[in-house]
Each structure stands twice: as C-alpha cells, then as structure tokens.
Amino acid sequence: MTEYCGDTDKIALQRAIRLRKNLFALEPALANGGRFMNVLDPEAYGWDRVRALAEEDGLIVLTMVDREATLEKARKVFGLEIDLPCWEVFTGPAAAVTAHCATEIAERTLPEGWTVTGDTHPDEDRIEQCQELNQATGVVPAPGYYLRGDDVPGFLTCIWTETGTLAACASGTMRYHPEGRLGGWFFAGGVSVDSKQRRLGLGTYANASLLTESCKAFGWTHVLEQAHGANDASIAMIRRSGLAPAPGKATIAVNLSGGRTTR
C-alpha cells in the first residue's frame with residue numbers, strides 16, 4: 001500500500017498532486033495535502049482558479065476559512081446542489097499546546113513493555129503498518145512519500161505493544177508555505193487506534209506525543225487539527241491535547257467526485 005493508496009482514481013490524483021511540487025513552492029495560497037489539494041485563501045487565489053482545480057481533481061479542500069462566507073461563495077460558484085462537507089477546526093499556540101500535552105502524557109501510563117516511537121523519516125514497514133491501521137479505522141491513509149517526509153516535512157508517532165504490534169498512530173506535516181497565511185503552522189491528524197486497544201486513552205496519548213515531539217523537531221508556532229462535527233470522540237481527543245475551536249472557521253471540501261471524504 002505504501003507509495004499511493006486507494007483505487008485507480010485516488011492513486012492518479014495523489015500522483016498528480018505530487019507532480020505539483022514546484023507550484024506549491026511558488027504559491028503561498030496552496031498546500032500539498034497528500035490526498036487532496038489544500039487552498040488556504042480562495043479569495044486571494046481566485047475563485048475561477050479554485051473552480052478549475054476542483055474540476056480537474058474532483059475534490060479539493062479549503063483550509064480553515066470563514067465558514068458562512070465561504071459556503072455562500074462556493075454555492076454561487078458551483079451551484080446550490082454542490083457537496084460541501086465541513087470539518088470543525090481546532091488550533092493552539094505551540095507553548096500552550098505542548099505544555100498541555102506534557103501534562104496529558106505525564107498523567108497517562110502505558111501498559112508494561114509498550115513503547116512510543118516518533119520519526120521524521122520512518123521506514124517502509126512502519127509506514128505500511130500505519131496506513132493499514134488508518135484504513136482499518138476509517139481514516140483514509142496518506143501516501144507513503146508523504147508520511148516518509150520526502151516532499152513535505154512530516155512526523156509519524158506510533159505506540160507499540162510489548163509484542164511489537166502497532167496499537168495506535170498519529171501523523172502530521174509542515175505542509176504550509178512559509179510565506180502563506182499558515183506559515184509556521186503544523187497540521188496534525190491521522191490518529192488511529194487498533195480496535196482491540198480501545199478505551200485506554202491511546203488516541204490522546206498518540207496525539208499528545210505527536211505534538212510534543214514534532215514541535216521539538218520543527219519548532220512550529222501553531223497547530224491545526226480538524227474533525228467532523230459529529231465525531232465526538234475525535235473532538236474530545238483534540239481538545240484534551242490543548243487545542244480550542246476556532247470561532248467562525250471551518251475546513252470545507254468542494255466535492256465534485258461524489259466520493260466519500262474522511263472523518
């Protein structure tokens with residue numbers, strides 16, 4: 001599964017996004033989301049260009065935008081019947097978030113013999129195990145090159161049982177252009193917990209460890225996480241990691257493909 005994930009269309013899109021490396025370097029309003037293009041500022045980028053991207057890719061993501069104004073504009077551009085799934089947005093500054101995460105980790109104890117690893121350039125076996133766990137828990141896996149940190153600096157956190165089985169994972173990237181609206185921000189997500197290891201607080205532990213260690217590695221200034229509004233478990237986990245809702249903001253997908261979006 002490692003390099004690209006999903007059916008033929010999804011793999012083709014992931015390949016196309018990777019080939020836009022030079023575009024991401026030149027355009028602060030865009031970011032490589034691995035599975036989808038991210039548009040950080042549709043007004044600055046231009047809605048005609050947003051529409052062209054959406055028509056080319058089938059699905060693009062408008063990251064942490066003004067919810068109501070953007071939904072209204074998107075319906076004018078794409079029509080009232082357009083599918084516009086939204087994610088709630090949570091943010092926090094580095095000092096406050098990492099202090100909160102340190103407390104969360106200190107107050108939680110992993111079972112005896114369990115270990116936590118964190119990598120900026122994980123090996124193929126580790127990547128594949130995380131992709132498989134993501135898929136098993138309903139989280140669409142990121143491409144292997146993306147988790148490996150080849151084109152976008154990233155961090156992968158894993159929690160392992162005493163027998164070396166992957167119990168939980170979380171990942172994040174420094175995907176945003178340094179001169180863009182979210183320059184210096186870290187995007188965190190991809191949290192998955194093995195169904196046999198639920199109710200141990202492993203999602204919160206993995207997320208808190210990811211945020212703590214990635215901040216040491218990259219020195220990010222702020223962090224962004226997101227979850228669908230109905231996903232109470234993910235929202236609770238994110239808030240336990242010290243992030244707070246961003247008032248009036250949402251991440252909105254423009255979905256012309258008819259396909260499912262991740263939770």
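Student: Which residue in strand 3 does Val39 stand opposite?

Tutor: We are reading a predicted model, so every value here is computed from it. Strand 2, which covers residues 37–39, and strand 3, which covers residues 59–66, run parallel and are joined by three bridges. Within strand 3, the residue that stands opposite Val39 is Leu62.

Student: In what order do the ten strands of the open sheet lie?

Tutor: The pairing in this sheet is mixed. At its edges are strand 1 (30–32) and strand 5 (115–119), each of which pairs on one side only, and from one strand to the next the twist averages 25 degrees. Reading across the open sheet, the order of the ten strands is 1-2-3-10-4-9-8-7-6-5.

Student: At about what angle does helix 4 run to strand 3?

Tutor: Helix 4, made of residues 47–57, lies across strand 1, strand 2, strand 3 and strand 10 (244–255). For helix 4 and strand 3 the angle is about 140 degrees.

Student: And which strands does helix 6 touch as it packs on the sheet?

Tutor: Helix 6 spans residues 94–106, and its direction makes about 95 degrees with that of strand 4. The strands that helix 6 touches are strand 4 (86–93) and strand 9 (222–227).

Student: Why is the pair of Tyr4 and Tyr145 called tilted?

Tutor: The structure holds four aromatic pairs, and in this one the ring centres are 6.1 Å apart while the planes stand at 55 degrees. Planes under 30 degrees apart would count as stacked and those over 60 as edge-to-face, with the rest counting as tilted. The pair links distant parts of the chain, with Tyr4 in the segment before helix 1 (8–18) and Tyr145 in helix 8 (residues 144–147). Because the planes of Tyr4 and Tyr145 are at 55 degrees, the pair is tilted.

Student: Is Tyr146 buried or exposed?

Tutor: The rings of Tyr145 and Tyr146 make an edge-to-face pair, with their planes at 80 degrees, and Tyr4, Tyr145 and Tyr146 form one aromatic cluster. Buried means under 20% relative accessible area. Tyr146 has a relative accessible area of 4%, so Tyr146 is buried.

Student: Which residue has its charged end over the ring of Tyr145?

Tutor: Tyr145 is itself buried, at 0% relative accessibility. The charged end that sits over its ring, 4.1 Å from the centre, belongs to Arg18.

How values were computed: Residues are numbered from 1 along each chain as its sequence is written. This is a predicted model: local features need pLDDT of at least 70, side-chain atom pairs count only at pLDDT 80 or more; totals for chains, interfaces and linings use all residues. Side-chain values use heavy atoms; hydrogens and water are left out. Two strands pair if DSSP finds at least two bridges between them. Helices (H or I, at least four residues) and strands (E, at least two) are DSSP runs, numbered from the N terminus. Axes are lines fitted to C-alpha atoms, for helices over the stretch in contact, and angles run from 0 to 180 degrees between N-to-C directions. Contact means heavy atoms within 4.5 Å. Rings of Phe, Tyr and Trp (its six-membered ring) pair if their centres lie within 6.5 Å; planes under 30 degrees apart count as stacked, over 60 as edge-to-face and the rest as tilted. Buried means under 20% relative accessible area, exposed over 50%, partly exposed in between (1.4 Å probe, protein chains only). A charge sits over a ring if NZ of Lys or CZ of Arg is within 6 Å of the ring centre and within 35 degrees of the ring normal.
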